Amino acid sequence: MSKRLYKIIEIIGVLIIFLIIYRLFPFVNIILKYIFKIIMPFLIAFSIAFIFEPFIVFLEKKKINRKIAIGFIVGLFILILYLLIRFAIPLFIKQLGMLIEMLPDYLNRLEEIIQNITNKFQKLPGNLHIDYDKIESILNEKLSKTIETFTSTLQRSFSYIIQFLITPILAIYFLNDYQKIEQKIKDKLINNKKIVLYDTLSEIKIALRQYVKGVMLVMVILTLAASFCFLVVGIDYAFLFGVIIGITDIIPYIGPYIGGAIVVIFTIVSNPSKVIIILIIIIVLQFLEGNFLIPKVQSKTMKTHPIMVLLSVAIFGELLGIFGMIIAVPLEKIVEIIIKSFIAYKKS
């Protein structure tokens, strides 16, 4: 058995064990949620510092004082947040609401299209009969649950109001002292001769930073490019579908097909004359993303075997839903790095 295959089997085993423990012991979930609620502002604040630290370092290299650099980054972040809240989010919600309102009409048109196709060729066997009322019922149920979940999440968010208020303050403190914190951790581990642990944390830091940078850039570029192309072509809800293309692309391998299929099906129903153009746009965007964007923004640190990627998407998707599918790759990479370091430590 090759070393690579053996390594994949080890990681698969760890992920499956984690899934089994999570399912067999529900109290673990309760404990984790309680702990997460307490440390959430610290995690978010440190994540913000972790993401923006390279920008601070870049500005410092330009002879800009660290505190001024932090002020500039914080101001830029607030500006982006304002623009999102002021323009992007309301537009997204508006278009989503309009789409939900028109959903029964689109389903009726889809039914007509399928009926016309089947009438031209042959009737479907009885056991393959499509129940359009059931499809509409399921879609409405799913949409209602999604809206209900979103609303309940907003309501629950009020219980986190203190955490939300202190998070920006914590983020500024973390940004200000990030290098000191990192240096103290480094000194502590080296002085205690825990070089392997320090190297493991360093490798995880590099991999995560590379992943976050790549994902954010690809998502923003694809969202803007797709929205612009859809708007130029003249399909409804251009921004909504641009966001769907950008977000679903984060899910490895299957994400682009999900986002593309949603847009193509909608175009078939709403404006069939533009299906070919939309299909060409999606194919071109995915080609550019796969052959130019990803190679430019992601290094070899995030290269993972396709089997591991799909398995991690399945497992973390089962545990955390869509969010789990989105963060599956970095979580799998963390597990892989930890296992590799542990094996190297045992051999040393």
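This is a predicted model: local features need pLDDT of at least 70, side-chain atom pairs count only at pLDDT 80 or more; totals for chains, interfaces and linings use all residues.

Modeller: I would begin with helix H10 (residues 306–326) and H11, which pack at an angle of about 125° with their axes 8 Å apart; the axes are lines fitted to C-alpha atoms, for helices over the stretch in contact, and the angles run from 0 to 180 degrees between N-to-C directions. That makes H10 oblique to H11, where angles under 35 degrees count as roughly parallel, over 145 as roughly antiparallel, 65 to 115 as roughly perpendicular and the rest as oblique. Helices here are DSSP runs (H or I, at least four residues), numbered from the N terminus. The crossing of H10 and H11 is right-handed, a crossing being left-handed if the near helix is turned anticlockwise from the far one by less than a right angle, and right-handed if clockwise. On the H10 side the contact (heavy atoms within 4.5 Å) is made by residues including Met308, Val309, Phe316 and Met325, and on the H11 side by Ala328, Val329, Pro330, Leu331 and Glu332. These contact residues divide into 10 nonpolar, 2 polar and 1 charged, with Ala, Val, Leu, Ile, Met, Phe, Trp, Tyr, Cys and Pro counted as nonpolar, Asp, Glu, Lys and Arg as charged, and the others, Gly among them, as polar.

H11 (residues 328–347) also meets H6, their axes coming within 10 Å and crossing at roughly 160°, which makes H6 roughly antiparallel to H11. This crossing of H6 and H11 is right-handed, and the contact draws on Val196, Glu203 and Tyr211 of H6, among others, and on residues of H11 including Val329, Pro330, Lys333 and Tyr345. By class, the contact of H6 with H11 has 11 nonpolar, 2 polar and 3 charged residues.

H6 (residues 195–233) has a further partner in H7 (residues 238–248), with axes that come within 7 Å and cross at roughly 150°. H6 passes H7 in a right-handed crossing, and the contact residues include Met219 and Phe230 of H6 and Phe239 and Ile245 of H7; they divide into 11 nonpolar, 4 polar and no charged.

Residues are numbered from 1 along each chain as its sequence is written, and side-chain values use heavy atoms, with hydrogens and water left out. The mean pLDDT (the predictor's confidence in each residue, from 0 to 100) of the chain is 79, and 78% of its residues reach 70 or more. Confidence is highest in H7, at a mean of 92, and lowest in helix H4 (residues 132–157), at 60.

Key
Helices (H or I, at least four residues) and strands (E, at least two) are DSSP runs, numbered from the N terminus.
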